[in-house]
Amino acid sequence: MLKNYFGHRYIELRAVKNDNEEGVYFDVYRGDQKAYNLSEGERNLIAFAYFVAKLEDVETVSEKPIIWIDDPISSLDANHVFFIFSLIDQQIVAKHQWTQLFISTHNLDFLRYLKRLHTNELTISYLGKKGDIKQRNIQIQRFLLERQGNSSTISVMPKYMKEHVTEFNYLFHQIYKCSQASTDNYELFYNFGNNARKFLEAYLYYKYPDNDTDSLHSKMKRFFSDNCAATTIDRIDNELSHLGGLIERGMSISDNAEIKKCAQYILDTIKRKDSEQYDAFCKSIGMEVSGASK
């Protein structure tokens with residue numbers, strides 16, 4: 001398991017059976033030598049691999065236990081995070097030899113992987129009241145555990161964490177909602193400046209990774225192919241995301257109709273220049289792809 005999932009060629013577990021003792025125990029080896037000085041990450045890998053193997057034990061495999069996996073990627077480097085996810089997905093989730101499965105983590109990258117668990121394809125079989133075998137789909141719940149003073153509270157995970165793989169998807173969703181919302185949705189439009197600016201910085205950085213257009217405004221002029229539109233969007237983004245030097249703007253109300261047009265123009269340009277990516281954006285936020293884009 002250490003080799004198959006973690007690509008760990010340097011550490012292995014070897015079963016040891018003493019003639020005068022019952023049971024089997026394991027020694028940890030590096031090559032041909034016993035390993036005594038393991039890093040914390042190596043100890044965690046070995047312990048987790050042993051735990052997964054223990055689930056296949058004859059005393060456990062038919063019990064369908066309640067499993068709690070507490071932050072399994074603690075002290076591991078980024079290269080091993082995906083391997084831990086793969087192991088959980090293929091060796092625990094896919095086999096669904098459990099009654100309930102809990103997974104906790106502090107790591108947002110690991111949380112992103114956990115959203116890809118193959119739970120949509122699974123059903124649980126159980127014995128009905130009449131002795132017949134019934135099936136039901138696995139139900140997934142996501143919660144947030146937060147410390148408050150000397151105690152902790154558990155609450156439903158915020159929507160933006162549950163529904164979006166990355167902040168990039170979240171920012172696109174906020175622009176999309178601005179393009180569709182009624183102009184009296186003040187809170188949504190109020191955050192448009194920061195959301196649009198962050199989205200365009202990321203989007204245009206990958207769109208134009210060369211150094212010829214290093215400023216955001218230059219990249220916007222290149223992308224929108226319309227100096228007037230680029231200047232207008234840049235002005236709105238700047239004015240709505242800063243008050244320094246524009247303190248008087250804080251005394252007035254935003255023009256939500258203008259913001260909505262700005263959001264629509266951003267989306268229309270992405271759709272026109274790269275309809276395939278636009279469709280993927282829409283699918284990532286759970287929106288139907290329009291007939292014109294299919």
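This report describes the fold, sheets, cores, cavity and selected residues of a predicted model.

## Overall composition

The protein in this predicted model contains 12 helices and nine strands. Of its 294 residues, 35% count as buried.

## The three-stranded sheet

An open sheet is built from three strands in the order β1-β2-β3, and the pairing is antiparallel. Its edge strands are β1 (11-16) and β3 (33-34), each of which pairs on one side only.

Strand β2 (residues 25-30) is joined to β3 by two bridges in the antiparallel sense. Within this pairing, Arg30 has Gln33 of β3 as its bridge partner.

## The parallel pair β4 and β5

Strands of a sheet pair through backbone hydrogen bonds, and the sense may be parallel or antiparallel. Strand β4 and strand β5 (residues 100-104) adopt the parallel sense, with five bridges between them. In this pair, Trp68 stands opposite Phe102 in β5.

The side chains of a regular strand alternate between the two faces of the sheet. In strand β4 (residues 66-70), the covered face carries Ile67 and Ile69, whereas the uncovered face carries Ile66, Trp68 and Asp70.

Strand β8 (residues 143-148) pairs with strand β9 (residues 151-156) in the antiparallel sense, and the pairing extends over six bridges. Arg147 is placed opposite Ser152 in β9.

The two strands, β8 and β9, form a hairpin with two residues between them. In the turn, Gly149 has a positive phi of about 70 degrees.

## Nonpolar cores

The largest nonpolar core comprises 32 residues, and Phe172, Phe192, Phe199 and Leu200 have the most contacts inside it. At least two residues of this core come from each of α6 (167-180), α7 (186-190), α8 (192-207), α9 (216-224), α10 (227-241), α11 (256-273) and α12 (275-284). A second, separate core has 21 residues, including Ile73, Leu87, Val93 and Tyr113.

When residues up to four places away in sequence are not counted, Phe172 touches Phe199, Leu267, Tyr278, Phe281, Cys282 and Ile285. Phe199, one of these partners, is also among the residues with the most contacts inside the largest core.

A search of the whole structure finds one cavity of 30 Å³ or more. The volume of the largest cavity is about 110 Å³.

Its lining consists of Val52, Leu55, Glu56, Thr60, Val61, Pro65, Ile67, Gln91, Ile92, Lys95, Gln97 and Trp98. By class, this lining has seven nonpolar, three polar and two charged residues. Ile67, one of the lining residues, also belongs to the covered face of β4.

Asp71 has a phi near 45 degrees, a positive value in a residue other than glycine. The residue is located in the loop between β4 and α3 (78-93). Asp71 counts as buried because its relative accessibility is 14%, which lies under the 20% cut-off.

His96 is not a glycine either, yet its phi is positive at about 35 degrees. The loop between α3 and β5 contains His96. With a relative accessible area of 22%, His96 is therefore classed as partly exposed.

Asn195 is a residue of helix α8. Its relative accessibility is 13%, so Asn195 counts as buried. Leaving aside residues up to four places away in sequence, Asn195 touches Leu171 and Gln174.

Arg112 belongs to helix α4 (residues 108-114). Because its relative accessible area is 27%, Arg112 is partly exposed. The C-alpha atoms of Arg112 and Thr166 are separated by 7.6 Å, although these two residues are 54 residues apart along the chain.

Conventions. Residues are numbered from 1 along each chain as its sequence is written. This is a predicted model: local features need pLDDT of at least 70, side-chain atom pairs count only at pLDDT 80 or more; totals for chains, interfaces and linings use all residues. Side-chain values use heavy atoms; hydrogens and water are left out. Two strands pair if DSSP finds at least two bridges between them. Helices (H or I, at least four residues) and strands (E, at least two) are DSSP runs, numbered from the N terminus. On a 1 Å grid over the protein atoms alone, a cavity is a set of points where a 1.4 Å probe fits but cannot get out, and a pocket is an open set with protein on both sides within 12 Å along at least five of seven lines; lining residues have an atom within 4 Å of a point. Grid points are joined across faces, edges and corners, and a volume is the space filled by probe spheres set on the points. Ala, Val, Leu, Ile, Met, Phe, Trp, Tyr, Cys and Pro count as nonpolar, Asp, Glu, Lys and Arg as charged, and the others, Gly among them, as polar. A nonpolar core is a set of buried Ala, Val, Leu, Ile, Met, Phe, Trp, Tyr and Cys residues joined through side-chain atoms within 4.5 Å. Buried means under 20% relative accessible area, exposed over 50%, partly exposed in between (1.4 Å probe, protein chains only). Contact means heavy atoms within 4.5 Å.
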